Protein chains: 2
Amino acid sequence: MLSNRLTTKAAAPLTMDRCMTGLKEKTNMPASTKGNGWSHVDTVQLNSSKEDLPETDSFVQQAMTLIMDEVVRKAGHVSGKVCEWRSPEDLTKLLDLELSEAGEAPAQTLQHCRDAIHYSVKTNHPHFFNQLYVGLDHYAMVGSFVTDATQPSLYTYEMAPVHCLIEKVVLEKMMEMIGWVEGGDGIFNPGGSMSNMYAMNLARFQRFPEVKEQGLSACPRLVLFTSEECHYSVAKAAAFLGIGTKNVYVVPADQRGKMIPKELEKQIRTAISEGAVPFMVNATAGTTVLGSFDPVEELADICEEHNLWLHVDACWGGAALLSSKHRHLLKGVHRAHSVAWNPHKMLMAGQQCSAFLVRDKTGLLKRCHSACASYLFQEDKFYDISCDTGDKSIQCGRKADAFRLWLMWKALGTRELERRVDHSLEMARYLTEGIKKRDGFRLLMEPEYTNVCFWYIPPSLRKIPESPEFWQKVEAVAPKIKERMMKTGSMMVGYQSHGVKPNFFRMIIISPWVGTKDMDFVLDEIHRLGADL
Amino acid sequence: MLSNRLTTKAAAPLTMDRCMTGLKEKTNMPASTKGNGWSHVDTVQLNSSKEDLPETDSFVQQAMTLIMDEVVRKAGHVSGKVCEWRSPEDLTKLLDLELSEAGEAPAQTLQHCRDAIHYSVKTNHPHFFNQLYVGLDHYAMVGSFVTDATQPSLYTYEMAPVHCLIEKVVLEKMMEMIGWVEGGDGIFNPGGSMSNMYAMNLARFQRFPEVKEQGLSACPRLVLFTSEECHYSVAKAAAFLGIGTKNVYVVPADQRGKMIPKELEKQIRTAISEGAVPFMVNATAGTTVLGSFDPVEELADICEEHNLWLHVDACWGGAALLSSKHRHLLKGVHRAHSVAWNPHKMLMAGQQCSAFLVRDKTGLLKRCHSACASYLFQEDKFYDISCDTGDKSIQCGRKADAFRLWLMWKALGTRELERRVDHSLEMARYLTEGIKKRDGFRLLMEPEYTNVCFWYIPPSLRKIPESPEFWQKVEAVAPKIKERMMKTGSMMVGYQSHGVKPNFFRMIIISPWVGTKDMDFVLDEIHRLGADL
C-alpha cells in the first residue's frame, strides 16, 4: 500500500544547479480542475522523492565532512585562531550575501558554509572565555543534529513522543538536584530571559489569578525585588509583562555582589508603605559579571514571612548543584518556588538549553499559560493527554532542547558532569592565584564561581598613585587590549565597567579541556598585548 | 605563541567509556593555592584537546552516518512509516531514559540516537500532513548543522559577525517582499507566538511609552482586536503582557473565516463607549485551521481612521508573498505596522525560523526592549555598535535562525521558492477536486491556501439524514481514523472540531516533493481506515 512512489517513471536528467527542485511531470489537467480560475494547473503526478536525488545526498555528505573537518577537528584546536576579525564593512564585502532570483550550484552553497565557519567565532576554542557559554560538548552537538534532522515540536505527545518523555526525565533529574523531593513541574524554553519571564508571570498569577483575564489595569501596583547585580532580563521581563521597570525595586548588594537581606526587608517595607503590593523576589545564583550567589536561605526566610514568591535565577550558577564540593553556594534553593537553570552555559549542552522549574504540583504552570487550542489539544485523543505539554508554554512550536542535555548526561554520567564543574572552579582558583602573583594584575575580588574579574595595569601606569586620573587611564586599557586580541585572534575575554569600577576583564572558565597552561597563557597574552599601553 | 598545547605529554591510555573526560595529570599544587580552603586542588597542567581523542571523532562520525542513513535517506522515503506509534507507557519501557551516576560506552549513546530517530515522527515523510510545518529542506538542515556546531549567539557583532550581517540581509529581503520600499526593522525569534508578543508590546509602547517604566497599572484599560479565527497565541500574548484575555475583543469572521471589517468597527465603537482604549488590530494572513486571509486592505483603512497599530500575523500565509500568482491573498500587507512571518512553516526552513518585522525606522524596536547591559553592549567598542542587535530582543542569547533560510535561499533562488509555494497550492487544489468527486468526502469550504478541511462520512452514515444525531456520529469518525493511521503509521493528518463544526480533517500541504498520487493516497487511505465505521 505504501509503495506507490516506487513506481515512478524515469526522471529527466538533472542539472547540478537545479537538483533540489524535484522532478516535474506535466500531465493533463484533471477534468475537474478546469475552469476554476486556476490557469495552467501544473499537476505533478509523482515526484521523485528528494532522497532519490544523488546530488542532494552528496551535498549533505560534503557539508557533514566540512563540519567535521573545520569545526569539530580544527576550530577547537589551540593552534588555530579564536576569531578571524573583520569589520562589518569588510565582512560584508567578503561574504556573498545577496539573495537572488536564480539558485546556485551546490559547490557555491558549500562555500557559503565554509565562509560562515571561517568568519565565525570559534566558541569551542580553548581560549574562548568571552561569554557564559562555550562551544558545546560533542554528545550535545550530536543531539542537536538529531533533533534538527528529525524536527520534533513539543506541543503534543503525538508529534514528539520521544522528546515529551525525555523532557520529563530531565526536568525530574534537575528537580532532584535542586532538592525538591516531591518533584514539581517545568518546561524547557529558549533562554534564561524567558525563564525569568515565566517566573514573573507565574508569581503574579498565583497571587492574582484574575490578571490572566482582566489584565493589570484592574490590579494594584505590583512590585518585585532583585539585587543590583541581577541579570538585565529581570528588567526586560518587567517591561514586557506590563509590570514596568520602575516596579522592579533594586536591592543593594554587598562587596561580594550578594543581595543584602536587610536591604531587601527595607525595600519591602518601602513598597508596602507606598501602597504597592510586593509579590516576588528574584535571587541570583551566579551573577553575570561577578559570579556571585545571593544568600538564598536568608532570602527564603524573608519571602516566607512576607508571602512572596521566591524565584532563583540559577541560569549560570545552577551547575554547582552537581558538585558536592560547591553546591553549598546555592544553599536553600530547595525553598524557592521556581528556578531558572541553563545547562547550555556551564554544562555545555548547546544553545539553547534552558529549564524553568517550578515547585508547584497543582498544574499552576498550565493554568497560567493555557489557551486550549482545539486543533492541537483535542480532548478526544486516544492516549493520555497529560503528556501534551504544549499548553504550559507561551510558545506554540517548541524545540526539543532537553534531548542534547539528556544525551550527554547518558554518555558522561552525573559523576563526570560533577568532575567538569569542579575542574572549572579549580581552574578559576588557579587563575586567581596567578593574578595575585603577577605584577600589573589586580583582582576585583576572590571569585566564588568561575568568573574571575581583574584589571591589567600596564607598566606605564604602575608607578602612578591611585587617583581618579589613574583609574581613568585604567578604564581605557581593557577595550584597547580587547581590540588587539580580537584582531590577533589569539583569545577572547570579555570586559566591562561595573558600577563605579572602571573597565576590567571578566574571565569565564567553562570547558573541561582547558588546563593550567591555558590560564597562564591568558595572563601572558594580556601582558603581551597591553605592555606598551 | 599559540602552540603550547602541542607540547603535551603523552596521554595515559583511554578506556572507551571514559573517552570524553579529558586527560588529567595530577601535578603538585602550586604553592600559592595552598591553605586557601581548597583541598586536593587537582590542577590540570595540560589537557589533551578533545579533538585529539580518536573516540570522540569516531562517535561524531558514526552519528553523522546514522543521521544520513536513518533520517536523510530512509525517514523521508515513502516506503517507510510516518510514525512508529507507542503509547507513553510502552515507549517509557522501550527507551532507556534514566540518568545515572556513571557514563556509558559511545555505542550505547549511539543506540539512544537510533532509538530517538526510530520512535520520532518522520516529519520529512511525504505523507506527513499534520502540522503547519514539515521536515526541513536539506539546505536548511545543513545550515542548522553549521550553526549548531559553531554556536553563535546574536547579541553582538563581536560574537556573531557572520550572522548579524546575514540576519539583516534576510530581514531586508522579507521587507522587500512585504512591500516596505523604505525598509524597516526586525528580528528573528523563537516562534510566531513570540512575534505576536513583540507586535503587541511594540503597539502598546508606541502609544504609551511610559508603560515600559510605569507598567500597566498606571494606564487606562487597553483593548486589541482579532478575529475569532486567529491563532491562540494572541490570547496567550495578551495574558502574558498583562493586558488580559478579556481585553482581546474577538471579531466575528465570515463563512470563509475572514474577519468582517464592519464587525471590527462595531467592536472598536463598543470598546470606546466602555471607556477603554483600543490600540491594535491583529489581522491573520493564513489562519491555522481554515487557512483564511483577513482582508488586510480594508482593515488598514479602519486602523488608519482610528489610529490603531495594524499587525499582520502572516506566520503561515506569509510565504504567499513569494508567489506572483498568490500574493494577492495578502493585499494591503505593506500598510501594516508589523508583520510576523515564519519561514519554518511553508518554506521549510527548519524550526524555529520566525521573523518579526516592523515598518518603523526610528529605532522603536530597540527603544521598546533595550536594557543596555554593560557587559554586552559597551559603548567604547572599536566597531560600529549599530551591528549589535541584541538589545532589540527580549532574549539574551539568541540563535542564528536566519542562516538556514539564507542558505537555502542562496541555493534555490527566489524563483524556486516561488515554484514551491505554487506547487503546494496546486496540490491543495487537486486534493480539493478529489474530495468533491469522491463519495463520502465533504469539503468544509473551498480552500484559499493549502489547508484543505473536509469530513469523511463512512458508508454506514451516508444514508442517514443530516440531523444532530448524524453530526454526532460524524464527530466520532475523525478521531477513530486518526488513531488507526497513527497505529498503522501510514500517514499523519490532523483533525479538530471548530466552532459548531464537528471533527473534520485538516490537511496541510507544504512539501514540494508530494504529487497528485500522494493526494490520491490520502483519500484512499482515509477510506481504507474508516470504511467500517
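## Aromatic pairs

Across all chains, the structure holds 39 aromatic pairs. To count, ring centres of Phe, Tyr or Trp (its six-membered ring) must lie within 6.5 Å; planes under 30 degrees apart are stacked, over 60 edge-to-face, and the rest tilted. This is a predicted model, where local features need pLDDT of at least 70 and side-chain atom pairs count only at pLDDT 80 or more, while totals for chains, interfaces and linings use all residues. Side-chain values rest on heavy atoms, without hydrogens and water, residues are numbered from 1 along each chain as its sequence is written, and chains are lettered from A in the order in which they are written.

## Across the chains and within one

Take Y139(A) and F59(B): their rings are tilted, 4.6 Å centre to centre with 55 degrees between the planes. This pair crosses between chains, going from helix α4 (residues 138-150) of chain A to helix α1 (residues 54-75) of chain B. Y139(A) is buried at 2% relative accessibility, and F59(B) is buried at 3%; buried means under 20% relative accessible area, with a 1.4 Å probe and protein chains only.

Then there's W455(A) with W471(A), another tilted pair, with centres 4.8 Å apart and planes at 55 degrees. Ring pairs also link W85(A), Y157(B), F382(B) and Y383(B) into a cluster.

## Cysteines

What about disulfides (cysteine sulfur pairs within 2.5 Å)? A search of the whole structure turns up 0 of them over all chains.

Key. Disulfide = S-S within 2.5 Å. Helix = DSSP H or I, 4+ residues; strand = E, 2+ residues; numbered from the N terminus. Buried < 20%, exposed > 50% of the residue type's maximum accessible area, 1.4 Å probe, protein only.
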